[in-house]
Amino acid sequence: METPSCIQDEPFPHPLEPEPDAPSQSALGKPSEKRFRLWYVGGSCLDRRTTLPMLPWLMAEIRRRSLRPEAGGCGAPPAREVLLVLSAPFLRCVPAPGAGGPGPAAAQPNPAVFIFEHKAQHISRFIHNSQDLTYFAYLIKAQPDDPESQMACHVFRATDPNQMFTHRCSIFVISVQNIAV
């Protein structure tokens, strides 16, 4: 009897392991680059009156918007699978390979296509959901050179609660390393 096509013979790879088809870090010439497979839940600009105790509610609202579209189809887009690429001094969010649908074009990410990119040193706060440790967020100034600039909040979901701390530590390390740059 034949195994159904929906059953995979091999276990799923760990999200923190390098992509099997991807060139090694030394071949890329970027030994300090780290890639994390996550779900980008969404983002929002913060009102300047937003205080730290309000951030868990903001994070929950971004999560709710991604889970259900509003009437008329004007809701936030659903969460999407991404690669969060940490390459000093930048943090770049790109669509995950294979997440765009079937076909060979979806298997390889286009390096020119990204959801957002910014310098890791401009991250000002990390937030996590104490009820669900797979969710985390960070705050960043929309225009870092402008002291009056609004803050933006980006929310992510890891597939494993233990990953969240690894991601936060990696982002923190790259942001601290590049403060003098």
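I began with Gly 43, which is partly exposed, with a relative accessible area of 36%. I note that the model I am reading is predicted. Gly 43 belongs to strand E1, residues 34–45. I then listed what touches Gly 43, setting aside its neighbours within four places in sequence: the contacts are Ile 62, Arg 65, Cys 153 and His 154. For Ile 62 I also took the C-alpha separation from Gly 43, which is 6.6 Å across 19 residues of chain.

Confidence came next. I find an average pLDDT of 74 for the protein, with 66% of the residues at 70 or above. By element, I get the highest mean for E7, at 92, and the lowest for H1, at 41. Residues 3–29 fall below 50 in pLDDT, and I count 18 contacts for this stretch beyond near neighbours in sequence.

I looked up Glu 33, which sits in the loop between helix H1 (25–28) and E1. Is Glu 33 buried or exposed? Glu 33 counts as buried because its relative accessibility is 7%, and the cut-off for buried is under 20%. I also checked its side chain and found a polar contact of 3.0 Å with the side chain of Arg 35.

Cysteines were the next entry. I searched the whole structure for disulfides and found 0.

I moved on to strand pairing. Strand E2 (residues 80–87) and strand E3 (residues 90–95) run antiparallel and are joined by 6 bridges. Which residue in E3 stands opposite Val 82? I find Pro 95 there. In the loop between E2 and E3 I located Pro 89. The peptide bond leading from Ala 88 into Pro 89 is cis, and I read its omega as near 0°.

On E3 I also looked up strand E4 (residues 116–119), and the two pair in the antiparallel sense over 4 bridges. Phe 90 has Lys 119 of E4 as its bridge partner.

The last entry is on nonpolar packing. In soluble globular proteins, nonpolar side chains tend to be buried together. Here I find that the largest nonpolar core has 20 residues, and that Leu 38, Leu 84, Leu 91 and Phe 156 touch the most other members. Which elements give two or more residues to this core? I list E1, E2, E3, strand E6 (135–141), strand E7 (151–157) and helix H4 (161–177).

Leu 38 is in contact with Arg 80, Glu 81, Val 82, Leu 84, Phe 136, Phe 156, Arg 157, Ala 158 and His 167. Of these, I had already noted Val 82 opposite Pro 95, and Leu 84 and Phe 156 among the residues that touch the most other core members. Apart from this core I found another, of 13 residues, which includes Val 41, Leu 46, Met 151 and Val 155.

Note on methods
Residues numbered from 1 in each chain as written. Predicted model: local features only at pLDDT ≥ 70, side-chain atom pairs only at ≥ 80, totals over all residues. Heavy atoms only, no water. Buried < 20%, exposed > 50% of the residue type's maximum accessible area, 1.4 Å probe, protein only. Contact = heavy atoms within 4.5 Å. Pairing = 2+ DSSP bridges. Core = buried A, V, L, I, M, F, W, Y, C linked by side-chain atoms within 4.5 Å. Disulfide = S-S within 2.5 Å. Polar contact = N/O pair within 3.5 Å; in protein donor to acceptor, adjacent residues only side chain to side chain. pLDDT = per-residue confidence, 0-100.
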